[in-house]
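The entries below follow the order in which I looked things up.

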Amino acid sequence: MEIKIELIVLLIGILFTGLTAGLCFTWFNAVTPGIGRLDDLSFLKAFQAMNRAIINRTFLIVFFGPALLLFINAYLFKNDGIGFWLFLVVALLFFFGLGLVTIFGNVPLNEILDTSNLEALSTVELKSLRTRFEDPWNQWHTIRTISTFVSFILLLVGFIYTK
């Protein structure tokens with residue numbers, strides 16, 4: 001079996017996109033609904049702690065890696081007609097639906113939370129902060145979850161189609 005760069009890039013793209021889709025799915029279906037049941041201070045502290053813990057080299061490579069890798073993949077399949085267009089759609093969907101939504105939607109909310117001294121806030125201020133944070137963050141995250149899931153499915157279709 002001959003292993004080509006196209007196959008390696010495609011498989012790594014599928015792996016990283018699948019891992020990202022799985023992470024988004026898990027947060028969407030378990031993490032945010034679970035901590036959503038907590039009182040305001042506990043919710044904000046838990047989210048603050050998770051946001052701080054998740055920023056690490058491995059996470060950043062796997063989470064944002066496909067934003068570049070999927071464009072490289074599309075380029076490598078530039079002579080494949082439908083395969084190219086399918087992979088280009090995947091790259092754009094991931095870039096906009098995960099990359100830009102994260103950078104311009106979720107991260108600014110995370111930064112507001114990160115800079116908040118939760119222990120110093122009153123009950124009313126905690127409620128206000130949670131209100132400004134929780135629903136918008138979850139709405140942006142829903143877009144990320146759908147985008148990464150669809151990207152992953154289309155990558156699998158592309159893998160089968162281009163074989």
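**Entry 1: H1 against H2**

I looked up the contact of H1 with H2 and found that Leu23, Trp27, Val31, Thr32 and Ile35 in H1 meet Phe43, Ala46, Phe47, Met50 and Ile54 in H2; contact means heavy atoms within 4.5 Å. Ala, Val, Leu, Ile, Met, Phe, Trp, Tyr, Cys and Pro count as nonpolar, Asp, Glu, Lys and Arg as charged, and the others, Gly among them, as polar.

For the geometry, I recorded that the axes of helix H1 (residues 5-35) and H2 come within 11 Å and cross at roughly 155°. The angle makes H1 roughly antiparallel to H2. Axes are lines fitted to C-alpha atoms, for helices over the stretch in contact, and angles run from 0 to 180 degrees between N-to-C directions. Angles under 35 degrees count as roughly parallel, over 145 as roughly antiparallel, 65 to 115 as roughly perpendicular and the rest as oblique.

**Entry 2: basis of the model**

I note that this is a predicted model, in which local features need pLDDT of at least 70 and side-chain atom pairs count only at pLDDT 80 or more, while totals for chains, interfaces and linings use all residues. Residues are numbered from 1 along each chain as its sequence is written, and side-chain values use heavy atoms, with hydrogens and water left out.

**Entry 3: the chain as a whole**

I found five helices and zero strands in the protein chain. Helices (H or I, at least four residues) and strands (E, at least two) are DSSP runs, numbered from the N terminus. The C-alpha atoms fill a box of roughly 60 × 25 × 25 Å along the principal axes. Buried residues make up 37% of the 163 residues; buried means under 20% relative accessible area, exposed over 50%, and partly exposed in between (1.4 Å probe, protein chains only). Among contacts between residues at least 6 apart in sequence, 80% join residues at least 24 apart.

I recorded that the axes of helix H2 (residues 40-54) and helix H5 (residues 123-162) come within 10 Å and cross at roughly 50°. That makes H2 oblique to H5. H2 passes H5 in a left-handed crossing, that is, with the near helix turned anticlockwise from the far one by less than a right angle (right-handed if clockwise). In H2, Asp40, Leu41, Phe43, Leu44, Phe47 and Asn51 meet residues of H5 including Leu126, Arg130 and Trp137. The contact of H2 with H5 divides into eight nonpolar, one polar and four charged residues.

The axes of H2 and H4 also come within 10 Å, crossing at roughly 115°, and I logged this crossing as left-handed. Leu44, Phe47, Gln48, Asn51 and Arg52 in H2 meet Asn110, Leu113 and Asp114 in H4. I counted three nonpolar, three polar and two charged residues in the contact of H2 with H4.

**Entry 4: two single residues**

Is asparagine 106 buried or exposed? Asparagine 106, found in helix H4 (residues 82-114), is buried, because its relative accessible area is 1%. Its side chain makes a polar contact with the side chain of arginine 144 (3.4 Å). A polar contact is a pair of N or O atoms within 3.5 Å; within protein, one must be able to donate a hydrogen and the other to accept it, and residues adjacent in sequence count only if both atoms are side-chain atoms.

Serine 42 lies in helix H2 and counts as partly exposed at 31% relative accessibility.
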